[in-house]
Amino acid sequence: MVDFTLSEEQEALRELAHDFAAREIRPVAWEHDRDASFPRAVIDKAWELGLMNVYIPERYGGPALSSFEGVLIEEELAWGCSGIQTSIGCNGLATTPLLLAGSDELKRRYLEPLVAEPRLASFCLTEPDAGSDVAAMRTRAVRRGAGYVITGSKCFITNGGYADFFTVYAKTDPQGGHRGISCFIVPREAGVVVDGHEDKMGQRASNTASVSFPDVEVPADHLVGEENAGFKIAMATLDRTRPGVAAMAVGIARAAFEFACGYAKERVQFGAPIATHQAIQFMIADMATEIEAARLLAWRSAVALDQRAPATLLSSHAKRFAADVAMRVATDAVQVYGGYGFIKDYPVEKLMRDAKIMQLYEGTAQIQRIVIAREILAPRDA
Ligand SMILES: Cc1cc2nc3c(=O)[nH]c(=O)nc-3n(C[C@H](O)[C@H](O)[C@H](O)COP(=O)(O)OP(=O)(O)OC[C@H]3O[C@@H](n4cnc5c(N)ncnc54)[C@H](O)[C@@H]3O)c2cc1C
């Protein structure tokens with residue numbers, strides 16, 4: 001039987017995350033957005049409450065939450081501020097390759113410290129000339145003696161300025177295309193250089209940096225999985241993290257929707273609250289329907305992951321749709337506010353800026369559609 005009722009534990013988890021978002025994230029969200037300042041104190045509190053590193057298995061000290069439980073948390077925290085949630089949730093992205101393919105020793109060495117202290121890790125796939133086209137990456141890893149020497153640069157790396165270690169993709173076989181990429185764990189102290197912090201349109205609380213590896217040496221056992229299996233690991237990682245991005249998009253959309261409903265009931269024009277105008281009601285109605293639908297897709301894809309069912313298609317459905325919903329709902333929320341929606345003293349312009357990144361990172365809206373079409377027309381498992 002399909003049952004959308006949350007268990008008592010899941011309700012409690014959602015409440016915990018919502019309460020944290022309402023009390024610790026919301027009150028500082030607009031300030032961090034204005035100043036583009038890193039929300040270190042909020043991240044530390046999220047870590048203390050157990051709202052970070054939620055997928056780390058118990059044997060490495062983590063709570064081993066399911067993907068479904070993860071998306072419940074991600075929606076709530078992004079409702080508070082998706083920029084802050086991007087920084088809180090980034091360890092999940094950085095550690096998924098390790099969870100999927102790393103050796104027990106590597107997991108122990110890099111996962112346990114994340115549970116012991118509020119430390120951060122980053123996921124380094126994108127390069128200046130290799131965004132959607134991952135196989136075009138130029139970062140090289142060359143086997144030398146008992147290790148690998150990694151040389152190259154990555155851009156747009158979330159939490160790059162604050163990470164203790166980096167999950168890095170590099171070419172081990174430059175002629176091999178996407179089959180020539182390997183994945184490595186690179187500790188910061190190996191010589192990683194952080195080159196800058198991007199000044200962004202939205203999600204300004206999250207740190208986004210360029211990171212370079214000037215002949216950085218790592219031991220051979222820092223290879224995650226097999227040599228030249230990095231592309232597969234990266235794609236499997238994104239299958240697992242896209243439901244969470246979808247849930248974050250739902251969180252942004254919900255926040256914008258709630259602000260719009262509140263404003264529509266208060267703002268009087270032509271002698272009546274604007275909520276009495278059908279044009280406004282229809283915008284509100286469409287927002288509500290789309291948020292419900294986006295949440296169901298996020299939940300469905302997360303449950304597929306928990307059931308170890310094929311999730312590539314469902315994850316891309318969820319990520320693509322929820323991101324577009326966040327953008328539409330936030331834009332319409334600005335419309336409901338009229339001119340005030342365009343002014344920074346009101347909350348919805350931030351949400352519209354924040355929503356845009358949902359259509360860009362972890363695979364753009366176009367790349368999601370490519371994945372969806374491929375999975376339908378020429379599925380990999382067929
Ligand atoms: C705030 C932020 C945080 C990020 N965090 C991380 C991170 O932590 N780690 C990381 O590795 N990366 C991260 N990224 C990078 C992000 O994942 C990439 O920006 C994204 O994958 C797109 O790559 P690109 O920017 O090079 O765009 P491009 O790939 O150059 O795309 C430009 C446009 O062309 C379209 N396009 C490209 N190829 C095709 C095609 N075949 N068919 C149709 N359209 C196409 C795209 O959809 C897009 O509209 C982050 C980016 C931002 C902005």
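Modeller: Two strands are said to pair if DSSP finds at least two bridges between them. Strands (E, at least two residues) and helices (H or I, at least four) are DSSP runs, numbered from the N terminus. The model is a predicted one, in which local features need pLDDT of at least 70 and side-chain atom pairs count only at pLDDT 80 or more, while totals for chains, interfaces and linings use all residues. Residues are numbered from 1 along each chain as its sequence is written, and side-chain values use heavy atoms, with hydrogens and water left out.

The account begins with a hairpin. Strand β2, residues 140-144, pairs with β3 in the antiparallel sense over five bridges. Within this pairing, alanine 141 faces isoleucine 150 of β3. Two residues lie between β2 and β3 in the hairpin, and glycine 145 in the turn has a positive phi of about 60°.

Strand β3 leads directly to the ligand. With three residues, β3 gives the largest share of the shell around the ligand. That shell holds 18 residues, of which Thr126, Ser132, Phe156, Thr364 and Gln366 come nearest; a residue belongs to such surroundings if one of its heavy atoms lies within 4 Å of the molecule. By class, the shell has nine nonpolar, seven polar and two charged residues. Here Ala, Val, Leu, Ile, Met, Phe, Trp, Tyr, Cys and Pro count as nonpolar, Asp, Glu, Lys and Arg as charged, and the others, Gly among them, as polar.

A polar backbone atom of phenylalanine 123 is 2.8 Å from a ligand nitrogen. An N or O atom in the side chain of threonine 126 lies 2.7 Å from a nitrogen atom of the ligand. For threonine 158, the distance from a side-chain N or O atom to a ligand nitrogen is 2.9 Å. The protein covers 64% of the 980 Å² of accessible area that the ligand has on its own, as computed by the Shrake-Rupley method with a 1.4 Å probe, where for residues only the protein chains shown count as cover. Two or more shell residues come from each of β1 (121-124), β3 (147-158) and α10 (365-377).

Beyond β3, the chain passes into the loop between β3 and β4 (165-171), where asparagine 159 has its place. Asparagine 159 is buried, since its relative accessible area is 0%; buried means under 20%, exposed over 50%, and partly exposed in between (1.4 Å probe, protein chains only). The side chain of asparagine 159 makes a polar contact of 2.7 Å with the side chain of serine 87. Residues up to four places away in sequence aside, asparagine 159 touches Phe38, Ser87, Cys90, Leu120, Ala121, Ser122 and Asn207, contact being heavy atoms within 4.5 Å.

Another loop residue, glutamine 203, lies between β6 (193-197) and β7. Glutamine 203 counts as buried because its relative accessibility is 3%. Leaving aside neighbours within four places in sequence, glutamine 203 is in contact with Ser82, Gly83, Thr86, Met248, Asp354, Ile357, Met358 and Tyr361.

Helix α9, residues 348-358, is mostly covered, with eight of its 11 residues buried. The buried residues of α9 are Val348, Glu349, Lys350, Leu351, Arg353, Asp354, Ala355 and Met358. Their cover includes α1 (8-35), α4 (82-101), α6 (230-266) and α8 (312-337).

Strand β7 itself, residues 208-219, contains aspartate 215. Most residues other than glycine have a negative phi. Aspartate 215, although not a glycine, has a positive phi of about 55°. Aspartate 215 is exposed, because its relative accessible area is 52%.

Phenylalanine 270 also has a positive phi, near 55°. Its place is the loop between β9 (268-269) and β10 (272-273). With a relative accessible area of 81%, phenylalanine 270 is therefore exposed.

Definitions and conventions
A polar contact is a pair of N or O atoms within 3.5 Å; within protein, one must be able to donate a hydrogen and the other to accept it, and residues adjacent in sequence count only if both atoms are side-chain atoms.
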